[in-house]
Amino acid sequence: MARSPQPITGAGGRIAAGCVVALVVLAFAGIALRAEPGRGIGPAEWSAIRFTLVQAVWSAGLSVLLAVPLARALARRRFAGQSILITLLGAPFILPVIVAVLGLLAIFGRNGWVNEVLGFFGLPGISVYGLHGVVLAHVFFNLPLATRLLLQGWQSMPAERFRLAAQLDLPPWMIFRTLEWPLLKRILPGAAALIFVICLTSFAVALTLGGGPRSTTIELAIYQAFRFNFDLSLAAFLSVIQLVIAGSAALIALWIIPDIPQGAGMDRRVTRWDARAGWQRATDALIITLGAGFLLLPLLAVALSGLAGLSEVPLSVWRAAWTSLWVAGLSILVMLAIALPMAGWIALRARGGAEAFGLIGLSASPLMLGVGWFILLNPVLDPVGVSLPVTAVVNALMALPFALRIIVPAVRGALESYGRLCIALDIRGFAAWRWLILPRSAAATGFAAGLTGALSVGDLGVIALFADPDRTTLPLQMYRLMGAYRVEAAAGAALLLLVMALAVFWICDRGGRWHAAA
Amino acid sequence: MLRLEGVRIEQGGFSLTADFTVREGCRVAVIGPSGAGKSTLLGAIAGFVPVTSGRLICEETDITAAAPGARPVSMLFQDNNLFPHLTVARNVALGLRPVLRLTAEENARVQAAIERVGLSGMEDRRPGDLSGGQQSRAALARVLVRDRPLVLLDEPFAALGPALRREMLDLVAELISDTGATLMMVTHAPEDVRRIADEVIFVEGGIAHAPGPAADLLKNPPPALRAYLG
């Protein structure tokens with residue numbers, strides 16, 4: 001059918017997309033100004049490249065491998081608290097990285113719970129720093145993501161197939177081969193690719209758990225070159241390497257990366273007749289307990305030590321918390337100003353337009369953008385003075401691919417169902433946004449705003465480049481407390497940060513859904 | 001009132017030609033087999049389907065290239081005639097102007113239309129809280145406030161039961177005679193034709209035939225129409 005008329009034009013969206021492209025291209029230009037192509041890749045850079053790739057491979061591999069039994073157990077068991085646990089699987093997405101690191105240290109660190117138990121039995125302790133620490137933290141963040149992707153796949157399997165399998169009395173390995181293996185083959189490569197790309201640009205985890213010459217990611221090397229040596233040329237050169245590696249990985253992964261799961265999952269109950277043997281139930285129970293423990297104990301540790309440490313929290317933390325809040329607010333506003341018009345534009349186009357921008361988000365790392373803009377801004381004004389707005393903009397850009405993936409389907413649905421009615425009533429432009437698109441996409445927009453706010457509140461990235469004592473966000477302040485071995489104060493700050501991230505997410509998400517219902 | 005001059009519509013392999021005039025105040029039923037192009041014909045008149053060649057003249061104005069909202073047409077579709085997130089009153093008010101606040105006079109018109117279709121007291125409900133018949137009434141209230149000279153119905157009552165559909169057709173007939181508008185409606189049912197239509201446009205074999213008197217056509221249908229009616 002010929003293209004039917006639409007109540008909105010894509011003009012605003014094209015302008016917004018142009019702004020995003022301009023911001024990224026400006027960063028590229030800044031880097032290109034200072035990167036010296038004749039420099040050559042030295043041993044330190046090779047080491048950073050190697051470590052970046054190795055840790056990303058390990059993180060992606062372990063995350064999806066461990067996710068298989070966990071998702072499988074969750075898919076075929078029913079127990080009290082299951083829906084809460086599945087909802088919590090979404091939490092690491094909005095969990096500040098540095099809070100999770102503190103929690104992991106409380107469990108796996110030098111004086112952590114695991115080492116206490118090992119010491120009690122006279123066993124040698126484990127160390128959490130270096131490659132395995134970085135991988136541990138990445139698995140902590142990405143195991144839930146992989147599990148949710150797999151659960152989604154399991155849910156998409158028609159209940160009738162399990163009924164048929166039960167009718168034929170298939171043994172467990174046949175059920176695996178006929179039902180589960182095809183599903184895993186379809187979902188696992190995409191999940192692994194997504195996690196691999198995410199881990200490539202890892203900064204905060206490498207900053208806190210890696211760091212030595214042998215365990216430095218490229219992103220961390222950019223930071224060190226910039227912050228410690230103020231070697232702009234090296235930082236720019238490393239940014240180019242980062243861009244080439246992350247960009248080409250994202251380009252390859254683009255075709256197999258799955259959709260980000262949104263809902264709490266498990267909205268449909270599938271009755272299962274297989275896996276009823278006692279040993280199967282016991283294994284599943286063990287797997288679920290281990291998985292839940294791995295994900296929840298660090299958070300519990302943060303909460304416990306945080307409550308004890310709240311009284312130790314210095315005034316600087318409260319000031320930083322306030323700064324983080326308005327940076328997050330600004331970040332949400334910037335994201336909405338870009339994502340809403342862009343969502344309108346993409347929704348008008350044939351399917352698949354959002355992916356290109358996901359690519360930009362995945363390949364342009366925060367520190368690379370920061371270094372590029374710094375090089376351009378430095379001659380004109382003091383970059384430190386604008387570090388907080390810059391952080392807000394970078395956070396918004398990082399959240400943009402996720403926001404688009406969430407908002408575009410809602411806008412597209414609204415236009416498909418009611419665009420014709422709008423046209424018939426001559427409701428166009430702003431009026432169409434006011435009466436159709438915003439109300440119909442309020443829930444999705446609130447969810448996206450919540451994600452953006454939580455990511456921004458907890459982000460320890462570009463702010464670390466520019467920060468001075470007067471302009472600091474809560475995650476950075478917390479990192480400084482950890483560096484100064486003020487353990488109680490850091491724990492208190494971690495709890496505060498955790499509560500803030502969850503509160504920002506909850507308020508935005510609820511606000512959107514309340515508006516959608518009203 | 002409405003004149004189709006050598007109109008030709010092409011979509012993929014499908015084509016439909018129409019060349020006829022609809023008299024002012026006439027109530028025309030559009031009948032024909034599924035896929036013959038009844039909805040396409042109405043869509044072209046409303047501006048949702050582009051016309052390949054020919055002209056659409058409404059009240060002596062060429063509307064062939066006009067935007068759908070700028071045409072003197074109110075159309076009800078098969079579904080999605082109401083915004084589910086807005087109240088009945090707001091849905092009706094959007095037929096007047098897409099603004100936050102209506103003037104007192106406009107509000108009175110909205111209120112009067114809601115009363116006219118028998119939905120008094122349901123102004124603040126959302127479509128989801130209404131029955132199918134009440135939803136149809138709300139959509140008709142909006143047709144009433146829009147007050148366009150040509151009303152197009154593309155089977156908006158198809159999902160209703162027979163009794164309710166008859167009720168809605170009677171309401172449509174009343175509203176149409178209130179406003180003096182011209183009506184074109186797609187239907188499958190000969191009893192609908194008898195109930196409301198003065199004339200019939202038979203769409204078949206890529207041609208929308210000129211309207212003929214409903215009673216005559218139903219009594220002595222030409223062979224193709226006879227085959228369709230069975």
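Predicted model: local features only at pLDDT ≥ 70, side-chain atom pairs only at ≥ 80, totals over all residues.
Helices (H or I, at least four residues) and strands (E, at least two) are DSSP runs, numbered from the N terminus. Residues are numbered from 1 along each chain as its sequence is written, chains are lettered from A and ligands numbered from 1 in the order in which they are written, and side-chain values use heavy atoms, with hydrogens and water left out.

**View 1. Arg434(A) in helix H17 of chain A.** With a relative accessible area of 39%, Arg434(A) is partly exposed, where buried means under 20% relative accessible area, exposed over 50%, and partly exposed in between (1.4 Å probe, protein chains only). When its neighbours within four places in sequence are left aside, Arg434(A) is in contact with Pro439(A) and Leu100(B), contact meaning heavy atoms within 4.5 Å.

**View 2. The interface of chain A and chain B.** The predictor assigns the complex an ipTM of 0.86 and a pTM of 0.86, and for chain B the mean pLDDT is 92, with 100% of its residues at 70 or more. Contacts join 22 residues of chain A to 24 residues of chain B. The two chains bury about 2,200 Å² between them, 68% of it on carbon and sulfur atoms; buried area is the accessible area (1.4 Å probe) that two parts lose on being put together, summed over both. On the side of chain A, the most area is lost to chain B by Arg420(A), Leu425(A) and Trp435(A), which together account for 32% of what that side buries.

**View 3. A salt bridge between Arg72(A) and Glu180(A).** The N to O distance in this pair is 3.0 Å. The two residues link distant parts of the chain, 108 residues apart, with Arg72(A) in helix H2 (residues 43-76) and Glu180(A) in helix H8 (residues 172-200) of chain A. Arg72(A) counts as partly exposed because its relative accessibility is 21%, whereas Glu180(A), at 1%, counts as buried.

**View 4. Salt bridges within chain B.** Arg97(B) pairs with Glu106(B) in a salt bridge whose closest N and O atoms are 3.1 Å apart; Arg97(B) is partly exposed at a relative accessible area of 34%, while Glu106(B), at 11%, counts as buried. Asp192(B) and Arg165(B) also meet through their side chains in a salt bridge (3.3 Å, N to O), which links helix H6 (residues 190-196), where Asp192(B) lies, with helix H5 (residues 162-179), where Arg165(B) lies, 27 residues apart. Both Asp192(B) and Arg165(B) are buried. Salt bridges that share partners join Arg3(B), Glu5(B), Arg55(B), Glu60(B) and Asp62(B) into one network.

How values were computed. Salt bridge = Lys/Arg side-chain N within 4 Å of Asp/Glu carboxyl O. pLDDT = per-residue confidence, 0-100.
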